[in-house]
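Please examine the sequence and the structure shown below.

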Amino acid sequence: MNSIRATLAVMLVAAFSLTSFLAALNGYRASMEEAEMLLDKQLRYGSNILLAMDVPDSQTIANLDGDAAEFVFQVWQGGDLLLRSGAAPTEPIANLSEGFRYTNFGGYRWRSFTRRSPEGLVYVVAERADLRHILAEKVVLESVLPLVLWLPVSALLVWVLVGWGLRPLRALSKQIQSRQPDDLKAVDYQEPPRELVQLIDSTNSLFGRLSAAFEREKHFASHAAHELRTPLSVLKIHLHNIADELPAGHESLAHANAGVERMHHLVEQILDLNRTNPEIIKGHFHELDLHALAQRVTAEAWPAFSSRDQNLALNGERLPLVGDEAMLETLLTNLLNNARKYTPIGGEVLVTVEESGSMARLRVEDSGPGIPDDERDRVFERFYRGSKVDTDGPAGSGLGLAIVRHIVQLHNAQIELADSQFEDGLAVIIDFPRERSPR
């Protein structure tokens with residue numbers, strides 16, 4: 001059971017039910033004993049009434065007929081039966097010694113009471129035991145049954161009271177959930193219950209460690225990338241100078257230039273990854289036209305596609321949404337770079353901006369080799385590169401789709417990888433909410 005409230009409620013109801021059952025059982029036994037005593041007292045009263053009656057001559061047997069088969073009596077003198085009720089046998093009902101006892105006759109079990117008068121007469125009265133028990137149980141159950149019937153009400157009351165007792169925990173949870181992703185300040189809870197003090201202290205300690213870790217990550221990535229830019233720029237200058245001393249198209253120089261370009265691209269991707277991390281940054285959101293943004297980015301990317309004889313097209317019309325313009329430009333740029341790298345020379349890349357219900361949809365599809373189904377979840381991992389790579393194209397860093405995923409998360413959007421409309425290829429489909437909703 002994953003709910004503290006449900007667990008506490010079940011445990012309390014179970015404990016209450018067990019306690020009530022034991023109390024009811026003990027009360028039942030005590031009440032039955034008390035009822036037995038009262039019925040025995042009633043049987044004694046019946047004997048007193050019989051004692052006050054005039055008994056016929058000792059030589060006469062009187063048979064008092066009647067329908068009261070649940071109560072019988074006999075009057076004996078020595079071994080002679082002087083008087084009996086209609087349902088009583090002619091033989092002694094029970095032992096003629098004084099006292100209470102149980103006996104059997106007439107197919108029933110009876111409770112009998114025998115007493116002896118000063119004149120030497122023996123009075124025996126008896127009552128059916130089953131009827132006594134039925135009467136006693138009826139009286140006892142009428143007192144116990146309400147306790148059982150109130151169990152559901154008690155369970156509901158326990159549920160409400162447990163929920164009321166857990167209000168501070170819900171308030172703490174609501175306070176933490178309502179925070180922005182970059183808000184790692186200590187939890188401020190005025191006069192918390194003693195049970196929550198340790199939890200709040202542990203949470204604040206965790207927030208402190210996370211804040212320090214995010215700051216270290218942000219500064220390390222940013223500083224490392226900036227520090228790498230300087231030697232890369234110097235290296236580019238040296239390669240440019242060396243190019244004047246080597247024949248045109250020298251293979252080693254071409255490899256060196258390609259390596260430097262790849263390193264420069266990796267540094268820029270690391271910076272982008274740091275700038276778009278939804279856990280440590282906060283976007284600047286405002287209303288923009290997604291189609292106009294896509295038009296601008298595709299126009300800037302066109303020369304790179306043209307150099308590979310690839311066709312880049314844009315479909316759609318004006319589509320407003322609320323987003324971070326710089327990050328959306330980075331997202332589309334990365335998608336286009338991936339499409340260009342993995343699409344063969346002479347291939348097709350299509351960007352579509354369209355409405356999809358209440359969402360704004362951005363679709364980038366290519367005629368490349370696509371991504372196998374079993375790899376589509378992994379391509380969003382940092383530094384992971386798919387198995388179907390165009391070896392003739394520029395090498396990638398494996399950070400492009402990780403950056404895309406960060407930007408998608410920051411916009412509360414949804415991303416899906418599917419097959420493109422071309423014969424082969426991949427379609428990246430992103431649905432953005434038109435309005436900015438709180439994360």
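I4 is found in helix α1 (residues 4-52); here helices (H or I, at least four residues) and strands (E, at least two) are DSSP runs, numbered from the N terminus. The model is predicted, so that local features need pLDDT of at least 70 and side-chain atom pairs count only at pLDDT 80 or more, while totals for chains, interfaces and linings use all residues. Residues are numbered from 1 along each chain as its sequence is written, and side-chain values use heavy atoms, with hydrogens and water left out.

Together with L8 and L12, I4 makes a nonpolar surface patch of about 260 Å². Patches are made of residues with over 30% relative accessible area and no salt bridge; like charges are joined within 9 Å, and nonpolar side chains (Val, Leu, Ile, Met, Phe, Trp, Tyr) within 5 Å. A salt bridge is a side-chain nitrogen of Lys or Arg within 4 Å of a carboxyl oxygen of Asp or Glu. Accessible areas come from the Shrake-Rupley method with a 1.4 Å probe, and for residues only the protein chains shown count as cover.

## Aromatic pairs

The structure holds 2 aromatic pairs. Rings of Phe, Tyr and Trp (its six-membered ring) pair if their centres lie within 6.5 Å; planes under 30 degrees apart count as stacked, over 60 as edge-to-face and the rest as tilted. F100 and F113 form a tilted pair, with 4.4 Å from centre to centre and 35 degrees between the planes. This pair links distant parts of the chain, as F100 belongs to strand β4 (residues 99-105) and F113 to strand β5 (residues 108-116), 13 residues apart. F100 counts as partly exposed because its relative accessibility is 29%, whereas F113, at 5%, counts as buried. Buried means under 20% relative accessible area, exposed over 50%, and partly exposed in between (1.4 Å probe, protein chains only).

F105 and W110 form a stacked pair, with 4.5 Å between centres and 10 degrees between the planes. F105 counts as buried at 14% relative accessibility, and W110 is buried with a relative accessible area of 3%.

## Arginines over tyrosine rings

Two arginine side chains are placed over tyrosine faces. R111 lies over the face of Y102, at 4.7 Å from the ring centre. R128 lies over the face of Y108, at 3.8 Å from the ring centre. A charge sits over a ring if NZ of Lys or CZ of Arg is within 6 Å of the ring centre and within 35 degrees of the ring normal.

Strand β8 (residues 311-316) pairs with strand β10 (residues 348-356) in the parallel sense over 6 bridges; two strands pair if DSSP finds at least two bridges between them. The bridge partner of N315 is T352 in β10. Strand β10 is also joined to strand β11 (residues 359-366) by 8 bridges, in an antiparallel arrangement. V349 has D366 in β11 as its bridge partner, and E355 stands opposite A360 in β11. β10 and β11 form a hairpin with 2 residues between them, and G357 in the turn has a positive phi of about 65 degrees.

Strand β11 is mostly covered, with 7 of its 8 residues buried. In β13, F432 is the bridge partner of A360.

Helix α9 (residues 400-410) has 9 of its 11 residues buried, so it is largely enclosed by the rest of the structure. The buried residues of α9 include L401, I403, V404, H406 and I407.

Most residues other than glycine have a negative phi. N412 lies in the loop between α9 and β12 (414-419) and counts as partly exposed at 25% relative accessibility. D309, also a residue other than glycine, has a positive phi near 60 degrees. Its place is in the loop between α7 (290-307) and β8, and D309 is exposed, with a relative accessible area of 57%.
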